[in-house]
Each structure stands twice: as C-alpha cells, then as structure tokens.
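Hello,

Here is the structure for your files. My notes follow below it.

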Amino acid sequence: MMVWLILLPLLWASFAFLLGPGRGTWLAMAGLFAQLWLAFALASEIVAGGAVIHAIGGWGAPLGIDLVADGLSAAMLLLTQCIALPLAVYAHAYFKRDDPAVTYFWPLVGFLLAGLNALFLSADLFNIYVTLELLGLAAVGLVAAGGGAQQIAAALRYLFATLVGSGAYLLGVALIYGAYGTVSIHTLTPLITAEAPDLVWIAGGLMMVGLMLKTALFPFHFWLPPAHGGAPAPVSALLSAVVVKASFYLILRLWIGPFSSLTDAAGLVVWLPALLGALAIFWGSYQAIRAERLKMLIAYSTVAQLGYLFLIFPLLASAGALQAGIMQAFAHGLAKAAMFMAAGTLIKATGQDLVAGLAGVAERMPVTLFAFGLAGITLMGLPPSSGFLAKWQLIELALSQQYWVIAFVVLVGGLLAAVYVFRVLRQAFLLAPANSVVTPVPRTLEWTAFVLAAASVLLGLRGVELMQLVGVT
Amino acid sequence: MKRLLVVLGAACFVVLLIGAMLDLAPASIALHAAVSANLPSSGVEHPVTAVLLNFRGYDTLLEIAVLLLALIVILAIGIDSTTDVRPAASPVLQALARLAAPLMIVVAVYLLWVGAFRPGGAFQAGAVLAAAAVLLHLAELLPGWQSPGLRLRLGLAGGFLIFLAVAAGLLFQGALLEYPPEQAGWMILLIESGLTVSLGLILAGLFLLLSRDDGDRS
C-alpha cells in the first residue's frame, strides 16, 4: 500500500507531461484523491498493527533498500496529502488557462509529491539523498516556472541553498558508508555508539547543518522569504506548508534514530538547535511585523514558526516532545497553506500585494478574511486550535524539566504572531478608499483556503488520535 | 581578504577530514561479499549493473525521475527563444559529423549490450547518443528544440515509464522491483534499452533546449 504513495504521483506526473503543456489537471486530482485515501488507510493500519516494512526487490537491507512506515512517517504522509488535494483544487481555479506558470505545473507538482512521499518512507541514507534531489529540483522549478527575472533570481538562490544543503548531506552519507559499510538506517542504529570515531561526528554534523540549511533555520533562512514570497500563491503554500517540513522530519528522524547515542553524549550541543529556533522566532516575527508586502509577511512568519519545531530538541528525552513537534508541524502546515491561499485570493482581488492596500476587503471578501483569521488563531496558538495544543504541550514539558526559558520563548512568540496577524486584520477592517476596485474571484479560491484554515483549528479537538499515531514505532 | 578566509577555512576542513579518515578502522559490513553471493540470481553478470538495476534499482528509478524532472524544469522556465544567427558550419565539420553519428549509434548499442557483462550500460550508452545529437546540432544538421511535440515527449518519458511499469507490475507478485531470477535478464535488458533512448534524448535536450538563445556564440 505504501509503495503506491510513491508510484501514483510518479505515474500521474509523467502522464501529465505526456499529455502536454497545461494538461493533466483531472489526472492529478484523481491521483491526489487516491493518495489521500491511501495515506488514511496506511495510518489506520499502523495504529492497529504497528510499523510496516517493505523490502524493495525482496533483498532486504543492507543489500537492498527498505521502505519503513512508522507513526512518524505516516503522520507526515497524512499531512502532505491532506494539504495537497485542496491546494490542487485551489491551483486549478487560481491559474488562468494561458498562464505561463501552469505549462508544466502538474508534472512538477507530481514529482514534488513523489519526492516527499518517498522521503518519508525511506529507511536508507543514500536513497533519502535521491529523494531530496527530486524534492529540491521540483521545488526550484515551481518557484521559477513562467516567472520574471526577479522570480528566477529567487529560484536560483534557492537552488544554490538546496544544492549546498544536499551536498553537505551527501558528504556525510559517504563518510558514514566509509566508516560502517552500510547506509541502511536500521542496520546503522545499533552500530553507531558514543565511542564512534571522529569521522562519524563530522559526518553527523555535516548532515545536520545541510538539512538545517534546507529547513531555512535561522541564520540559514536567507533564501526562504524571496523564494516563498515571490512564487505564485499555490506554490508558496505548498513550499511553506510541507516542503520545509521534509528536511525537519529528516533531522528529527536522524536525531532520535541512528545518531541518538551521539546526541545523548553531545552534552550542551543539543541546545544549539533550540537556540537557533528561538532566534528564528524573534527575528522572523520582527521581520513579519515590519514587512510591507503581504506575502513577505507570511514568508517571514514561516521563518518564525519553523523555530518552534527546533525548540523540542532539548526535550526529546521525555515522552511527548515528539508529539508536540509533529503537532506544531501539522498546525503550521495547515494554517500556513490556508494563509498563503487566502493571501493569493486577496492579491488577485485587489490587484496589488501591499498590506496597506487591503483596506476594505473585510466587507467585500468575508470568507477569505475569515480563513486568514482562523489560520492566524492557529499561528498565535489560541485555543482550541492545533497550534494551541502544540504550544501547550511544549510549555508543559519545558516547565516539568525547569526549562523556563523555552516556555518564555513560546509565550513571547505567540504574542509577536498576534502583532503581525492583527496588522493584516486591522488593515482589512478599515473603510475602503472611494476609488478602490475589488475584482470578483472564483468561490473555489475562497472556500479551499477556508477548509484548510478550519481544519487547522478543528484538529485541536481531535489531537489525541494524531498523537497516538505519532507514538507508534 | 574574504576569499582568503574562505580558502583557509576550506583547507582546515580538508585537513580535519583527512586526519579523521586516517584513523578509521575497516568497515564492519562488507557489502561486496553480499553482492557477489547474490550475483547469480540478479540476471546480469556485472556487479555494477546488478547493483544499479537490481539490488538498488529503486535508487536508479528515482535518479531517472530526477533527470526527466531537470528537463521539465528547463521547459517550465520557458527561456525566450531568439533567432539563431550563427555562421554556417564548415562543410568539413558537416561531413565528419555525418560520418561519426552512425558510428556513435553503433557504439551506444554496443555499450548497452555489454553492460550485462562488463562496465557499460544505459547511462553510458545514453551519453554517447546525446553526444551524437549535440555534434549534429553543432554541425547545423539538427535544429535546436522549441517545445517538444507528442512524439518527442513520448521518447523523453518512455524509458522512465517502462521502468516504472516493470517495477509496478512486479509489485503485484511480491515486492517492488522483485524480479523472478530466471526472467531478470530480459527485464533488465528491456529497461536498459528504454533508458538508453530516453537518457540520450534527455541529455541531448538539456543542450538543445538551452541552445535556442545562443545567438551571439560563434
């Protein structure tokens, strides 16, 4: 079953390419629908019977490559497919038929999703590198597609960042292979001990830094705002909601898996990700509060929200930290996709992208603004949203271990998020200037964003199931 | 100054890396033994081909997807094509290219076939095919590509689709890419033949699509 989550997007992506420029929408929709069903079926199978292994070619690791679906991978697969389907419906309504960005949109999205799903399922360090390449290249293509010089410049900068990141990761994998003679995660986990040679420490460091660069963790966030802020809205939503989470998932997977004896012995180094995460929250929020363009504001908010994911690393020894991190990934994924989609609708309707130009949209486009507000509630961490659940658990864990500083960072981050969300809402509720024009937009654009925003809030009520799923190993 | 610091930093890193590599014990797992042991049931006789197409064939499947994707990205960016004003190629070059191209195709087929026993295979064969296409293009015998038509798209994606179809078909009888040992040989040859054509077209496309706007190059 899990193999089809990789094969299906590859299939519909290549057939969409065969059908020709701008074609393949319905093929993609059918594929995405089937993928969503598969992800739910896989998750319920795992909750009932534990992790599932598929030995490709029947060889088994270390000779062959294994695919493993445990609770963590199933949760990430679920998040990806849940966002992809509404987003595809949105994209279909968003792009005009002759928009140059749509020429090869569906093949690129298909390969991107195949890369993501393959990454979440892989249990082989080198195979993960290949999926990272698939993911990175498709994402760069989506940012650049049909854009002007500025957009292509942002895409190129993104390409360099993602290539340096995967290069560092690959060097680390090569060193690990040199030291142990295998790249299978499950074979490596018992082999890597705290007495590992220096080379393994260097390899682990290289892989972590490379993946942090790909996750745009402060101070490696320089490439994210222009790429996510400059791309078409459906692409920004996909990149901010799921693509950056893929490298975070890998950091987490390596941290608690093969490198767990290293991170246990590392002492104070485990605080480094949390420190960078805290800085990301402050710096990203500050830039979002100052941003003049709506999509730049949302992109900097992504930089800030990614910071929360890294606050869990010093807490990982205690039960529940993993769940808090994944809950935050879900909260931010659903809310940020909704926010970028709502922003795209607002920009399309008002014909400009400045926060200052939003006056009066509350009256004209209540559904879209409501979606934006609901997504904002999740980002601020107000109850009953999933963002509240994630932050509540984070604070509770931090306080139980006397880490007051983490709880403080989470609380201040929530306040800062409120500042930039209310900046947009306040502007939207102002009276429209007499000469403003709001062009009507398709309803689909408004309601798909609303569905995802509502999901991000309502997930807070059904969080127990998700946390139970994440706990399955 | 900045450049000097970067060079210095890189040099320190290399020294550190070499130092760490020197005191490394031999790896605890020797995969080449496992490869040799399973070679008879892999369908080919050359260990590299066995690893690429059988033991780790899934990696190769995704690598082909990456190459196809690279071409789609170039198409999606949609570089503006300008008229090609190049001085005409010399007749000597043209005659030579006409002579070399068929030979290169023969070499490509040989490389494909020999891959089962010796170093060679679809990647090398595809690269030779692509080189032939680039040579013909430089000799003005093959025009640059604009946007590919259905036949060309079929050629570009065909190899990947054959590979994907075989992989998925085998999934119904067991695991992904689990060849039955007695049929592995011809299945791998089928995949490699498709890949040779598609890789040749993709690699040539990376050049021929980008060379649309090289009007000022002599």
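The expected span of a helix is 1.5 Å times one less than its number of residues. Helices (H or I, at least four residues) and strands (E, at least two) are DSSP runs, numbered from the N terminus. This is a predicted model, where local features need pLDDT of at least 70, side-chain atom pairs count only at pLDDT 80 or more, and totals for chains, interfaces and linings use all residues. Residues are numbered from 1 along each chain as its sequence is written, with chains lettered from A and ligands numbered from 1 in the order in which they are written.

Helix 5 of chain B covers residues 91-114; its 24 residues should span 34 Å, and the end C-alpha atoms are 35 Å apart, which agrees. Within this helix B:Ala97, B:Ala108, B:Leu111 and B:Leu112 are buried (20 or more other C-beta atoms within 10 Å of the residue's own, C-beta atoms being placed from the backbone; exposed is 12 or fewer, partly exposed in between).

In chain A, strand 1 and strand 2 pair in the antiparallel sense over four bridges (pairing takes at least two DSSP bridges). A:Ile53 has A:Val68 of strand 2 as its bridge partner. Strand 2 (residues 66-69) is covered on both faces, with A:Asp66 and A:Val68 buried on one side and A:Leu67 and A:Ala69 on the other.

The contact between the chains (C-beta atoms, placed from the backbone, within 7 Å) takes 52 residues from chain A and 45 from chain B. Helix 5 of chain A gives the largest share of the chain A side, 11 residues.

Mean pLDDT (the predictor's confidence in each residue, from 0 to 100) is 93 for chain A.

Regards

Terms used. Two residues are in contact if their C-beta atoms, placed from the backbone, lie within 7 Å.
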